[in-house]
Amino acid sequence: MKLTPKQKPYVIGGAVMLIFILLFRKKSAAAQEQQALTNESTAAGTTNFPASQFFAWANRLEQAMFDVGTDEDAIVAVFGNLINNADFLALKNAFGVRNYTGGFVPGFLSDNLSLDGWLQQELDSSEIAQLNNILANKGITYRI
């Protein structure tokens with residue numbers, strides 16, 4: 001089916017509108033996830049480190065997973081510093097929802113993912129199990 005010159009603007013406009021709707025829905029879901037995490041963090045108790053430390057670790061995790069290749073040792077080192085559930089939630093909260101491209105995806109096709117989402121994209125099942133073992137050994141009840 002060939003579009004007439006009168007139909008083209010409507011088809012293009014509809015496609016652009018659909019893209020905006022999909023982008024808005026993605027951001028809305030990410031915002032809801034972030035709000036739920038903030039509420040849960042408040043109820044978890046006190047952390048063992050200042051907020052600036054959690055932001056530094058969150059940025060370190062992003063660097064370890066950014067672009068092609070993953071620095072698994074850096075991820076394990078950050079998780080090794082956590083002491084309790086409040087620390088884990090503070091780290092997740094500091095990481096928040098970040099734009100994940102996976103190293104190969106153009107920015108407009110990227111996804112907004114939480115720390116769990118980034119880790120699940122970047123690590124295989126044995127590496128996730130290693131992180132979960134670190135958490136379990138410290139008495140932290142949350143899992144990736």
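The model is a predicted one, in which local features need pLDDT of at least 70 and side-chain atom pairs count only at pLDDT 80 or more, whereas totals for chains, interfaces and linings use all residues. Residues are numbered from 1 along each chain as its sequence is written, and side-chain values use heavy atoms, with hydrogens and water left out.

To the opening question, then. By buried I mean under 20% relative accessible area, with exposed over 50% and partly exposed in between, using a 1.4 Å probe and protein chains only. A salt bridge is a side-chain nitrogen of Lys or Arg within 4 Å of a carboxyl oxygen of Asp or Glu. D87 belongs to helix α4. Setting aside residues up to four places away in sequence, D87 touches T47, N48, F49, F54 and L82, contact being heavy atoms within 4.5 Å.

The protein has six helices and two strands, arranged from the N terminus as α-α-α-α-β-β-α-α. These elements are DSSP runs numbered from the N terminus: helices are H or I with at least four residues, and strands are E with at least two. Of the 144 residues in the protein, 31% are buried. Among contacts between residues at least 6 apart in sequence, 64% join residues at least 24 apart.

The largest nonpolar core holds 29 residues, and L61, I75, F79, L82, L91 and L119 have the most contacts inside it. Such a core is a set of buried Ala, Val, Leu, Ile, Met, Phe, Trp, Tyr and Cys residues joined through side-chain atoms within 4.5 Å. At least two core residues come from each of α2 (51-65), α3 (72-81), α4 (85-95), α5 (115-122) and α6 (125-137). Which residues does I75 contact, leaving aside its neighbours within four places in sequence? They are L61, A64, M65, T70, L119, L123 and L131.

The buried residues are L115, D116, G117, W118, L119 and E122. Their cover includes α2, α3, α4, α6 and the strands β1 and β2 (111-113).

How do α4 and α5 meet? Their axes come within 9 Å and cross at roughly 85°. The axes are lines fitted to C-alpha atoms, for helices over the stretch in contact, and angles run from 0 to 180 degrees between N-to-C directions.

How many salt bridges does a search of the whole structure find? There are three.

One joins D116 and K92, with the closest N and O atoms 2.9 Å apart. This pair links distant parts of the chain, D116 being in helix α5 and K92 in helix α4, 24 residues apart. D116 counts as buried at 16% relative accessibility, and K92 is buried at 15%.

Another joins E62 and R98 at 2.5 Å, N to O. Because E62 lies in helix α2 and R98 in strand β1 (residues 98-100), the pair ties together parts 36 residues apart in sequence. E62 is partly exposed, at 22%, whereas R98 counts as buried, at 13%.

The remaining pair is R60 with D71, at 3.1 Å, N to O. R60 lies in helix α2 and D71 in the loop between α2 and α3, so this pair ties together parts 11 residues apart in sequence. R60 is partly exposed at 31%, and D71 is partly exposed at 32%.

Finally, the loop between α2 and α3 also contains V68. Is V68 buried or exposed? It counts as exposed, because its relative accessibility is 56%. V68 lies 9.7 Å from E122, C-alpha to C-alpha, although the two are 54 residues apart in sequence.
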